[in-house]
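Good morning, and thank you for coming.

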Amino acid sequence: MILKKLDPITGTAIQEKGIEFVVDWVDVHKQYFYTLGCFYVQNQLQMEELFYRFIGKVHKDWPKYKGNDSHKMWMTANFILSARELSREDGLQGPEDSRQDQYKAIAHLKMEEKEALILTHVAGFSLEEAAQILGMTVGKIKGDLYAGIQSVRNELYGKYYHGCEEYQTHYIDYLLKSMDRPAKIEFEVHLYHCPACQADLASFQEVMMFRFDELQEPTVPSQFLDPIKKKLTEKKEQRKGKNKKRKKWAVLAASVFAFVIALGFITGVLPKVYYAVAEENEQLRPFLQQGFGKRLNLEAENADVLIKINGVVADDIRTLVFYEIHALKEDKQYFIHFEDGISVENEFEIMKTQSYPLYSTLSDNGTGWNNETKKNTYYGKVSLNPLKKEEGLIKLRVTKIQEWSNDPELKFGFLPGENKTGHWSFEFSATKQPSKEYKIEQQKKIEGVPIRIDKLIIAPTTTILQYAINSRDVEKRIDMVNFRSLNVNNKKVEADQYGGYFIQTLQDNDWVGYQTYFDPVYGEKPKKVRTELESVYLSVSDQKTIDLGGSQPFPRTIHYAGSDIAIDKVKNGQLTNVVITNKDLINREYESIQFGFQGGSTDQPSITNMESNGVLMDKNGVEYDDRSGPIDFEKIEQPRYFVTEQTLGIEGFEKNDMKLEIIGYNTMKYVKDDWNLAPVQLLEEKE
């Protein structure tokens, strides 16, 4: 295991220092991530791009991290997602590849085999942890791991072994010492009499037992992060400065004029009537009715699947592509996953790759949508990065589609791994539609913390509320505000539960900027604007020090923030496991606590691994346990995740002056507040 010490990283620290804190944290652990990156990318330029994306992803997604996975698991999963995305882009491939043979052998595996091998035999995760990171079953991980080790062995040794096929499936369980005793005895008896299996297992074991310690780690250049920091700084400055003005009304007028002439329409009402009848895709239809986007009729067939591209809508926020997929020879529905199996071949030429396209929920099917009734057809949309210029030719490639299921028991409507591969390519142009920005400047206090609404942005594909939180009070901070809805001119639109984003620390350092995304309001001129708040996520400073040394017996009980916490310690080999438990969900004031350890000297103890269990509870007090089956989070009313047990493996615990330091806690507070944001003022238009 390379990442031995996990320095704490909290939402409060990110709020105070911004993305610079994430950069500093990555700098400390760069060797671990650099080594992982060598299995995905070939050269230094790609590695820099990989770290740049990883840092941005951690910074953007940190508010979603609730502590239900270990810190190392969550960070590694985000790095793998960034690396997986980058490795799919042929435009970054280059001739330079000076990696060791072991790196090359693993890098050339199929994606599932490579990641199973990296997570278990390189990063040091257990089969269960690797399965959780990749969203697979342990059985699937074992199968991919077996296939990957076989491929690496053949690549390294250039020799093929011929063990008995019915016993090869036992290799991993046998070497990991997880076989039942009767099966183990039967397997060993067979080994004793079979020289072919002996040679096969021995060579398999040689590769399987390969660890990071036996692999020469790549050298990280001393100034490796400098160009990444520079790129992040430039991006920040670009956000601060004013964008050049666009001739947005001229573009809009010209496109509408051409649209009307082509159809022979005289008034602006006829397009709505036309598309209300003619456009089958119900998600695309409202955009065309408003004169946004382009109707397309593109098809590509491969692997007995027909994919049609129905239309595209682009603005400054994202590029939406609407599609339908027909399974020609089976009664199955397939959809395009938002981050796996789809790529834009010329993305770096035409799109703003430093931004993050909005996630489009799979269940967001529009009014009267019919995916639940059709057996072999799926209508969907996928969100891509925004265009750099007013127009761009998009070269879209689809290589994998995911099987959709209407089974209500499934967490997201699909099972990981149930996919079909193929090759479907499309080329089409898109025109970026304009957006409008409105100044608001409304301020109030929530839970005693000042919050202000700065700006309303109305774009064709989304509506954005930009707000700021005051961070001056060190005793209580709001990390995130959850809005329920936005009402513009009596048109109510819901908040995107995946669309809350941190922007930056503003020029006044006491304020931190955020954005929340809502459904589109289609070019409304806002006169009456209201927003309904749902909850706030707080960090509260409430320090308490507990002496864990001396001769006092364990477990111990302490009273903290309204309830009792049990603390136990268990020796586990070279480590000491500290277990913190609180299953009182009624009286406690927090969902999770922030803590650290001290040894009372310059030698700080190291937290080498962290595990946690918890309970999801909705606003009405109904509890949900993900161990008993999948949970449909979208149907739970204002859920809160209570951490009930945390286990920390600690090195250096033997000191008698060891102390547990509780720094504070995090909690969600429900807020019922209808906030009047009018009047609004149109800002100077951007070029």
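This is a predicted model: local features need pLDDT of at least 70, side-chain atom pairs count only at pLDDT 80 or more; totals for chains, interfaces and linings use all residues.

What percentage of the 687 residues in the chain is made up of buried residues? Buried residues make up 51% of them, where buried means under 20% relative accessible area, exposed means over 50%, and partly exposed lies in between, with a 1.4 Å probe and protein chains only.

Residues are numbered from 1 along each chain as its sequence is written, and side-chain values use heavy atoms, with hydrogens and water left out.

Let us start with the chain as a whole. Its secondary structure comes to 18 helices and 24 strands; these are DSSP runs numbered from the N terminus, with H or I over at least four residues for helices and E over at least two for strands. Of the contacts with a separation of 6 or more, 73% are between residues 24 or more positions apart, a contact being heavy atoms within 4.5 Å. The accessible surface of the chain is about 32700 Å², and carbon and sulfur atoms hold 49% of that surface. Such areas come from the Shrake-Rupley method with a 1.4 Å probe; for residues, only the protein chains shown count as cover.

I now turn to one helix. In α8, which covers residues 127-134, the buried residues are L127, A130, A131, I133 and L134. They lie on the same side of α8 because they cover an arc of only 160° around the axis, the arc being that of the directions from the helix axis to the C-beta atoms. In general, an α-helix has 3.6 residues a turn, so residues three or four places apart point the same way. Just after α8 comes G135, with a positive phi of about 70°.

Next, the strands. Which strand do 15 bridges join to β15? The partner is β23, residues 659-676, which runs antiparallel to β15, residues 529-547. Two strands pair if DSSP finds at least two bridges between them. Within this region, V540 has Y665 in β23 as its bridge partner. Strand β23 also pairs with β19, residues 592-598, in the antiparallel sense over seven bridges. Here Q594 has G664 of β23 as its bridge partner.

The loops deserve attention as well. Most residues other than glycine have a negative phi, and most peptide bonds are trans. Between β1 (294-302) and β2 (305-314), the loop contains A303, which is not a glycine and yet has a positive phi of about 55°. D304 is in the loop between β1 and β2 too, and its phi is positive, near 60°. A303 is partly exposed at 32% relative accessibility, and D304 is partly exposed at 39%.

Two peptide bonds are cis. The bond from F554 to P555 has omega near 0°, and P555 is in the loop between β15 and β16 (556-560). The bond from A678 to P679 is also cis, and P679 is in the loop between β23 and β24 (681-682).

Finally, the cysteines. How many disulfides does a search of the whole structure find? It finds zero, a disulfide being a pair of cysteine sulfur atoms within 2.5 Å. For C197, the nearest cysteine sulfur is that of C194, 3.6 Å away. C197 is buried at 0% relative accessibility.
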